[in-house]
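Student: I have the model open and want to talk through parts of it. Pick a place to start.

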Amino acid sequence: MKQQTAQTKTKRGTPDFQLLILTLLLVGFGLVMVFSSSSSIAIASKSFNNDALFFTKKQLMWAVLGLVGMFFAMNIRFNKYKKLYAPFFLITTVMLLVVLVSGAMLNGARSWIRIFGFSVQPAEFAKIAIILYLAALITKKGERFRDLKTGYIPVLVIVGFIAGLIMLQPDFGTCFILVATCGLVIYAGGASMKHIMGSILLVVLGAALALGANALFSSVSSPDTTNGSATEATKNYKIDRIHAFLDPLSEKTGGSLNLYRSLVAIGDGGITGSGIGQGTMKLHYLPNAYNDFIFSVIGEELGFIGSVLFLLVYLYFIWRGIIVSLRCPDPFGTLVGIGIMGLIAIQAFINIGGVTQTIPVTGVTLPFISYGGTSLFVMMVAMGIVLSISRTNNLDVIKEEKTKSVTVQTSRTSPALRSRESIRRIR
């Protein structure tokens, strides 16, 4: 075993070529769509220096930084993240606390802080930090993770603490994505279904109580005499989004207007679309066309055919990442890879589902596509970790016997690890 480990350290596997190319293609396509959806707004506004490339240049800068971060993460052996997760998690937690005190307010949420001249969103880093934390803790506990008091509850306490910090900003969309991703990792790690179902019931109950308390205090609070309408709109924007989801045609104002215009944009695309750069709903009609509603621009400019092709590529990208994760000989790598690919899939579903009236709009970015520097950088670094996992999979010195000996204790309880063994046998 020692000789085999020494051989592993002296050789470097190659990253999964398909996953690497798909990541770069998605980032490149995102740059094109950011330019298409923002250029007409930017060139007509002094706030953006009348520069058609205002948003595109910023996104390109973050893409370059993300590319550097991705290759850096890809060249760190993934098992080293078992040690790196602790300082990364601690730094991220401190950032989440700082943002509540001195963060910049934007769109009703205090989510941004300035670091080295850059505006960053700590909640984006928290997504990856919590995945690494859970993967390391679950693999360390092993069978003890299925115990409620010593294994499951400590994990939930940490997840609840981080989710609570994000809710205080408040950022419901990011909080929901983080909790859903954590739930996926916990399930893949072999948690008891009784514990998981109990947790879901507690979350639903807690959310209902929180919303009820918010509605109660909002109804008895005194109105703002200086700007009453604006204050009420800020308090009730969550309810407006639910009303818009239930009936976007009932009232073309507020959240209903945004969703209505999104559906019009997608419908105007027809079968083949109007062509890249030729859409009209992004011209001061569709809010945040380069961010939250960028899929609406894709639907209008690329049409049904282009949208379906984009979704197929996206689905294949996620599927490929899951396959790479399931082939990893180390349970830690499997859980990290599933967590990252699950994060991307969940966030993409919430973004696309919101703008197509599948679910209520929550205001989150479409990974790799939407404008958003921190989101793009974090997602590319996360893919660097998955590519690092794929490099280990491609090492010729890894033997099937070693794989079985590593996973024999967890494969009985973990659905993800059982699937991983099936994938390897098929391969």
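Tutor: Gln-357 sits in the loop between α13 and α14 (373-393). Helices here are DSSP runs of H or I with at least four residues, numbered from the N terminus. This is a predicted model, so local features need pLDDT of at least 70 and side-chain atom pairs count only at pLDDT 80 or more, while totals for chains, interfaces and linings use all residues. Residues are numbered from 1 along each chain as its sequence is written, and side-chain values use heavy atoms, leaving out hydrogens and water.

Student: What is the phi of Gln-357?

Tutor: Positive, about 65°, although Gln-357 is not a glycine. Most residues other than glycine have a negative phi.

Student: And how accessible is Gln-357?

Tutor: Gln-357 is partly exposed, at 26% relative accessibility. Buried means under 20% relative accessible area, exposed over 50%, and partly exposed in between, with a 1.4 Å probe and protein chains only.

Student: Where is Phe-368, and is it buried or exposed?

Tutor: Phe-368 is in the loop between α13 and α14. Phe-368 is buried, at 3% relative accessibility. It is not a glycine, but has a positive phi of about 75°.

Student: Which residues touch the most other members of the largest nonpolar core?

Tutor: Ile-130, Leu-134, Tyr-314, Phe-317, Phe-368 and Ile-369, out of 104 residues. Helix α5 (residues 122-141) gives the most to this core, with 14 residues. A nonpolar core is a set of buried Ala, Val, Leu, Ile, Met, Phe, Trp, Tyr and Cys residues joined through side-chain atoms within 4.5 Å.

Student: What does Phe-317 touch?

Tutor: Not counting residues up to four places away in sequence, Phe-317 touches Leu-19, Leu-22, Thr-23, Leu-26, Met-341, Ile-344, Phe-368 and Met-383. Contact means heavy atoms within 4.5 Å.

Student: New topic: which residues of helix α6 are buried?

Tutor: In α6 (residues 148-167), they are Gly-151, Tyr-152, Val-155, Val-159, Ile-162, Ala-163, Leu-165 and Ile-166. These cover an arc of only 170° around the axis, so they lie on the same side of α6. The arc is that of the directions from the helix axis to the C-beta atoms.

Student: Which exposed residues are on the face of α6 turned away from its buried side?

Tutor: Lys-149 and Val-157.

Student: Last one, Gln-347: buried or exposed?

Tutor: Gln-347 is buried, with a relative accessible area of 1%, and belongs to helix α13 (residues 331-355). The Gln-347 side chain makes a polar contact of 3.0 Å with that of Thr-365. A polar contact is a pair of N or O atoms within 3.5 Å; within protein, one must be able to donate a hydrogen and the other to accept it, and residues adjacent in sequence count only if both atoms are side-chain atoms.

Conventions. Helix = DSSP H or I, 4+ residues; strand = E, 2+ residues; numbered from the N terminus.
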